[in-house]
Amino acid sequence: MKVAVMTDSAAYLKPAEVQRYHINILPIPIIWGDETLLDMVDIGQEQFYDRLRTDPVLPTSSQPSIGQVEAIVTKLVAAGYEALIAPVISSGISSFYDNLKAYADRETRLKIYPFDTHITCAGTAYSAMLAGKMAQAGEQPEKILAALAELRETTGVYFEVDDLSHLRRTGRLSNASSFVAGLLKIKPILTIDINAKGKGQITAIAKERQAKRAFEWISAHFAEAIADKDYPIRCTIFDANAPEVKAEWLAEFTKRFPQVKFETSIIGPVIGVHTGEKAMSMIWARDWETI
């Protein structure tokens, strides 16, 4: 069976990764006033945060249309593909996964296998590249899905934001009402309950008064999270237009955890709608190249 892979733009895969693993990308729309802008197509990271800083109108995110999916499916069918593995953004953040499942049930030209990654950014990227690697090796959809589920079970994330206003505004913070009091000059630390009942909802779990103390909290809890793991760890450090801080995090984490494979990515426009500028994050999992 000839198997294709599709994910959304919030994975923020690099062009070389897309090409190497033959991954089809669905750009997620951003609604900004009267404009509809496609993530990383019509607007990139720096342009997005420059505008977010100055525009009195604030953006919201939408989801890829089923028409966009149909266009990719039509192309894949013409190329002889019989199945499509689709690891996508968490259903706790977007309703796209549920809509994709509904479309998959009525699409007859090829079999679509939606997969809820329960995360976004690098976490979704890991799943997409693992699926692409396995599809190129000739693995069947059921085996690929089982590997994605195994990878998801090993995935964790911590991130910090300058403030919670964007997450509150867009309704993406599950415990906003219980956490927002007294957050002036506080660095909120958040996570995503990837394998809990929330299925990928964003939750605030700690708060520190300085960025350095927030970093130390994240470093200590990351150490605890990977301490007993008997498999190789890959970790991606990524930023919402804070490249200098990202470089500092990368240098420090590489020094503290030499056994971990570190790399970098970005919090691009569609996720930046919810985090705001200067957010910092790290996502880790079993190194997908070893699965």
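**Ground rules**

I am working with a predicted model, in which local features need pLDDT of at least 70 and side-chain atom pairs count only at pLDDT 80 or more, while totals for chains, interfaces and linings use all residues. Residues are numbered from 1 along each chain as its sequence is written, and side-chain values use heavy atoms, with hydrogens and water left out.

**Helix α4**

I looked up which residues of α4 (residues 96-106) are buried, and found Phe96, Tyr97, Leu100, Tyr103 and Ala104. Viewed down the axis of α4, these buried residues fall within an arc of 120°, so they line one face of the helix; the arc is taken from the directions from the helix axis to the C-beta atoms. I use buried for under 20% relative accessible area, exposed for over 50% and partly exposed for what lies in between, with a 1.4 Å probe and protein chains only. On the other side of α4, I noted Asp105 and Arg106 as exposed. The cover over the buried residues of α4 includes β1 (3-8), β2 (23-26), α3 (66-78), β6 (83-88) and β7 (111-116), where contact means heavy atoms within 4.5 Å.

**Cavities**

I then searched the whole structure for cavities of 30 Å³ or more and found three. A cavity here is a set of points on a 1 Å grid over the protein atoms alone where a 1.4 Å probe fits but cannot get out, and lining residues have an atom within 4 Å of a point. Grid points are joined across faces, edges and corners, and a volume is the space filled by probe spheres set on the points.

The largest cavity has a volume of about 140 Å³ and is lined by 15 residues, with Thr120, Phe159, Ile192, Ile271 and Thr275 nearest its centre. At least two lining residues each come from β8 (156-160), α11 (269-275) and β13 (280-286), and α11 gives the most, with three. I sorted the lining of the largest cavity into eleven nonpolar, four polar and no charged residues, counting Ala, Val, Leu, Ile, Met, Phe, Trp, Tyr, Cys and Pro as nonpolar, Asp, Glu, Lys and Arg as charged, and the others, Gly among them, as polar.

The second largest cavity holds about 80 Å³ of space. Of the 13 residues that line the second largest cavity, Lys14, Glu17, Thr236, Glu263 and Ser265 lie nearest its centre. Both α5 (121-136) and β12 (261-266) supply at least two residues of this lining, with α5 giving the most, at four residues. By class, I recorded seven nonpolar, three polar and three charged residues in the lining of the second largest cavity.

**Backbone angles**

Most residues other than glycine have a negative phi, and I looked for exceptions. His118, which is not a glycine, has a positive phi of about 60°; His118 sits in the loop between β7 and α5 and is buried, at 9% relative accessible area. Cys121, also not a glycine, has a positive phi of about 50°; Cys121 belongs to helix α5 and is buried, at 3% relative accessibility.

**Glu289 and its partners**

Which residues does Glu289 contact beyond its neighbours within four places in sequence? I found Tyr21, Lys133, Arg234 and Lys261. The side chain of Glu289 makes a polar contact of 2.7 Å with that of Arg234 and another of 3.3 Å with that of Lys261. A polar contact is a pair of N or O atoms within 3.5 Å; within protein, one must be able to donate a hydrogen and the other to accept it, and residues adjacent in sequence count only if both atoms are side-chain atoms. Glu289 lies in the segment after β13 and is partly exposed, at 36% relative accessibility.

**Ser61**

My last entry is Ser61, found in strand β5 (residues 60-61). Not counting residues up to four places away in sequence, Ser61 touches Pro29, Arg172, Val270, Val273 and His274, and the side chains of Ser61 and His274 make a polar contact of 2.9 Å.

Note on methods: 1 Å grid on protein atoms, 1.4 Å probe; cavity = no way out; pocket = protein on both sides within 12 Å on 5 of 7 lines; lining within 4 Å.
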